[in-house]
Amino acid sequence: MTDHLPFGEVRNPRFFGQDILSVSQFDRSDLENLFGVAHEMYGMVQRVGTFDLLKGKVLTNLFYEPSTRTSSSFVAAIERLGGSVVQINNVTYSSVSKGETLEDTVRTMEQYTDAVVLRHPEKGAAARAAAAAVKPVINAGDGPGEHPTQALLDAYTIKEEMGRFDGLTVTMLGDLKYGRTVHSLAKLLTLFDVKINYVSPEILQMPQDFMDAVAEKGIPQHATTDLDEVLPETDVLYVTRIQKERFENPSEYDEVKDSYVITPDVMKGAKSDMAVMHPLPRVGEISTDFDTDPRAAYFRQMEYGMYVRMALLALVLGRA
Amino acid sequence: MTDHLPFGEVRNPRFFGQDILSVSQFDRSDLENLFGVAHEMYGMVQRVGTFDLLKGKVLTNLFYEPSTRTSSSFVAAIERLGGSVVQINNVTYSSVSKGETLEDTVRTMEQYTDAVVLRHPEKGAAARAAAAAVKPVINAGDGPGEHPTQALLDAYTIKEEMGRFDGLTVTMLGDLKYGRTVHSLAKLLTLFDVKINYVSPEILQMPQDFMDAVAEKGIPQHATTDLDEVLPETDVLYVTRIQKERFENPSEYDEVKDSYVITPDVMKGAKSDMAVMHPLPRVGEISTDFDTDPRAAYFRQMEYGMYVRMALLALVLGRA
Amino acid sequence: MTDHLPFGEVRNPRFFGQDILSVSQFDRSDLENLFGVAHEMYGMVQRVGTFDLLKGKVLTNLFYEPSTRTSSSFVAAIERLGGSVVQINNVTYSSVSKGETLEDTVRTMEQYTDAVVLRHPEKGAAARAAAAAVKPVINAGDGPGEHPTQALLDAYTIKEEMGRFDGLTVTMLGDLKYGRTVHSLAKLLTLFDVKINYVSPEILQMPQDFMDAVAEKGIPQHATTDLDEVLPETDVLYVTRIQKERFENPSEYDEVKDSYVITPDVMKGAKSDMAVMHPLPRVGEISTDFDTDPRAAYFRQMEYGMYVRMALLALVLGRA
């Protein structure tokens, strides 16, 4: 691994120097490639903890809104790769942002560092930053926009837990209307030969345009309000949080909030070889009693997230 | 030093993989072992500044309340050992904690990192975190609970400054009622053959149950309101801050606040070979005029603190 | 490069172990030396990204007020030199500062680390810190006091962009009355054979005492309100922000704010081989339309800033 391979000699040129803005950038072979690199990262971390693949590289971790989980995951990722990080939190309170545009802030940070991870509350912020920057920008969530590394880590978790995608039945549970993560994950899953079930209260159903896009790819789908109906056939249960604020009427919330709580008892109706996922944080959607069940994959999901982010960093910086 | 010594081959298995929650975990031989490792750290930092003992390791520094001194000390400690750190401040304002339990936050962070240092305002928080986590948790203060690394660094300071514990007279001064540090230090000192004096205003005396516990170990004790009475025999003077808020009546505070101020003049009554300690910050309890006196050990105490934390990290991570 | 060269063998002893508090510490040969080291840093970063010149060293980055740009620049600088950093933000909200003096905080941090970068809102804070500390203190801005590393990076930018100082005409534009950066830069420029123009609204003119100090060194100066008058002869145009708050009467501000906006059209009147600088952040003083012009040097200026800070760190720590 030398420091200055000419472009043509980067072993894995697909995302070298690229921005990571949306899951739409990834086709099936990109995903397989990414997950292969992530799996190598997994193995290396188990063996040596950290290694010097990105020695010489410095990452800006630019967070306009707090997201400790995502931020920490990227910090651990670059550090385990032997690189360094410039962490910027709460930009809105700092002088950098005193009337400064996002574009100028990002152009400043790319003078100091080799890539920029950006979390921003506004949709489209990551694309604006990427348009201004010469160096790679990785979207770590831009408000109601995208959060591609979350969707990629969700998909990678399925791969690690189940060993494959094709033939799986994936059931999404909870708030499917506003849940950005399930929308992006559904999009990625259409690259494979899966079946998708949607389980939610009526008012939080998967939006029709997302279902149309999935249907267009020939992916079988089924929407229901009844978890028990689809739990027995489920290989992957993706649980999301139902936020009280989504309901106009608090009593409506009280009605549904307990109907989708995952407990050891509920899970008696599921396969023994399946995985329960959750993007976290959870607030009661999964009982802590279930945490010790081997099917409880949500903390491993966090760990897989670090490997996916390591793989993305290595890819965009030309060292994968 | 290889990365994966089987357990039996860790040179110093006593605290390998363990949590550090309380000073009660340490007996005399544990302390001697810890201080031996800390002294090696001291020597290495003097010689080379940083070294790669914990290369490959990433530490979470998880602070639910600010404590710049303790936090910085752990950051410098892991960095001087060649490891990396994921720093998390003000968790309460971040999304990680949006209704997320401490247990879930800690279980998430241990997916990314190899150990968790935890500062939390609630008593028992460190034990709860340790119960949830697989990886080592180090208690960096849990409110009115314990702050074991402070007590350990205090004891190590005595060892480095005076060369021994046995035979020493240690005088504790100031707020002995609410001062968590003096309670823990007293507990550690009972492992040695010392005498302890307590000097405080009546209303801030050492609580009876702590004195009983000390007495039970056969340690001679003496409580007084008069510093001059015990200063001449004192080998270690441990000064603490008296907080105005402890007094119901402000005039009571004004009466006592100046009676325990350490000045060059006061210190004329002390031995020439002794040490003045303070956990810092100080607010007038020790005059800055005394800072240049060779007996003023409180800034060296900060430095020793880093070596003790380096030693603890190396021990729990199996590299000491 | 060994770790413990005796003092006499430090290759570049001029600033070894010194504080960096003011531009007044630098004479012409110091600047040439500093810029030579900075240029070596530039070359090394281009070649390898990071390198181990300051391996073994830990830096405290102590910011009592936010300044993301300056802070990030120092973090990237120490990391690219193979050192580590203890970052402290918002000290005012933390326990370190609970009534603790700046002096005690700095003395604590120098126990953990090898040098302290200090940003503080009060004039003279850096000198106070330096007086208390044994280890080097670098002033990263002390309120209305100095911000020497900004002035040094400004001067270094001129050197890199224009290849020389002697014979250049430097035009300063905007708020020259309150702009700390232009005052310090003017002071540094008097070490060379330059001409300085001042362009500003009447009420924001360069203060007379600064002009007197420049005149004393025999440097030709010219003050005007009209940019067009001096733009054709300008080699370096240093643009600063005019803050609305400087004007008693908002209508006065509205009158002048647009008269000094740099656009591609305005710049038609300038040389083709010249440089436009700005300390950033900008808020409209330079049109983004001009950013792609090769004369737009303000983002490169940020990059040069990192090299100057790397050079300063290497010099004070005896490794340059």
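Is Leu280(C) buried or exposed? Leu280(C) counts as buried, with 22 C-beta neighbours inside 10 Å; a residue is buried if 20 or more other C-beta atoms, placed from the backbone, lie within 10 Å of its own, and exposed if 12 or fewer.

## Basis of the report

This is a predicted model, in which local features need pLDDT of at least 70 and side-chain atom pairs count only at pLDDT 80 or more, while totals for chains, interfaces and linings use all residues. Residues are numbered from 1 along each chain as its sequence is written, and chains are lettered from A and ligands numbered from 1 in the order in which they are written.

## Leu280 and Pro281

Leu280(C) is not a glycine, yet has a positive phi of about 60°. The peptide bond from Leu280(C) to Pro281(C) is cis, with omega near 0°. Pro281(C) is placed in the loop between strand 9 (275–277) and helix 10 (298–316) of chain C; helices (H or I, at least four residues) and strands (E, at least two) are DSSP runs, numbered from the N terminus.

In chain A, Leu280(A) has a positive phi of about 55° and is buried, with 21 other C-beta atoms within 10 Å. In chain B, a cis peptide bond joins Leu280(B) and Pro281(B), with omega about 0°.

## Contact of chains A and B

The contact takes 22 residues from chain A and 24 residues from chain B, where contact requires C-beta atoms, placed from the backbone, within 7 Å. Helix 3 of chain B gives the largest share of the side that touches chain A, six residues.

Terms used. Two residues are in contact if their C-beta atoms, placed from the backbone, lie within 7 Å.
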